[in-house]
Amino acid sequence: MNTEETKYVISKCVCYDTTFLEMKKIMKTNDLKNLDELRKIKEVGTNCRLCVPYIEKMIRTGQTVFHEIIG
Ligand code: FES
């Protein structure tokens with residue numbers, strides 16, 4: 001892991017204390033396709049919304065830990 005990768009570790013919706021990995025598991029278990037469907041089961045990404053781009057990328061790519069700022 002290089003310096004850039006250790007600088008940021010973004011792995012959850014802080015406001016609702018829910019990791020992207022937990023969200024991914026919920027989505028897989030319930031065959032959910034998007035954030036709107038996920039929110040019907042688990043409240044995430046509706047407070048500060050800073051996690052939303054990460055949740056959307058997790059849904060697209062399966063990645064659950066991020067080392068860069070995306071907005
Ligand atoms: S970090 Fe997810 S709503 Fe604030």
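Colleague: Where does Asp31 sit?
Modeller: Asp31 lies in the loop between α2 and α3. Helices here are DSSP runs of H or I with at least four residues, and strands are runs of E with at least two, numbered from the N terminus. Residues are numbered from 1 along each chain as its sequence is written. Keep in mind that this is a predicted model: local features need pLDDT of at least 70, side-chain atom pairs count only at pLDDT 80 or more, and totals for chains, interfaces and linings use all residues.

Colleague: What is the phi of Asp31?
Modeller: Asp31 has a positive phi of about 55°, although it is not a glycine. Most residues other than glycine have a negative phi.

Colleague: Is Asp31 buried or exposed?
Modeller: Asp31 is exposed, because 7 other C-beta atoms are within 10 Å. The cut-offs are 20 or more other C-beta atoms within 10 Å for buried, 12 or fewer for exposed, and partly exposed in between, with C-beta atoms placed from the backbone.

Colleague: And Arg49, where is that found?
Modeller: Arg49 is in the loop between α3 and α4. The phi of Arg49 is also positive, near 70°, and Arg49 counts as exposed, with 11 C-beta neighbours inside 10 Å.

Colleague: Switching to α4, which residues are buried there?
Modeller: In α4, residues 52–61, the buried ones are Tyr54, Ile55 and Met58. They cover an arc of only 100° around the axis, so they are on the same side of α4. That arc is taken from the directions from the helix axis to the C-beta atoms.

Colleague: What's on the other side of α4?
Modeller: Arg60 and Thr61, both exposed. Just after α4 comes Gly62, with a positive phi of about 90°.

Colleague: What covers the buried residues of α4?
Modeller: The cover includes α2 (20–29) and α3 (35–41). From α2, Phe20, Met23 and Lys24 meet Tyr54, Ile55 and Met58 of α4; contact means C-beta atoms, placed from the backbone, within 7 Å.

Colleague: How do the axes of α2 and α4 cross?
Modeller: They come within 10 Å and cross at roughly 45°. That makes α2 oblique to α4. Axes are lines fitted to C-alpha atoms, for helices over the stretch in contact, and angles run from 0 to 180 degrees between N-to-C directions. Under 35 degrees is roughly parallel, over 145 roughly antiparallel, 65 to 115 roughly perpendicular, and the rest oblique.

Methods
Two residues are in contact if their C-beta atoms, placed from the backbone, lie within 7 Å.
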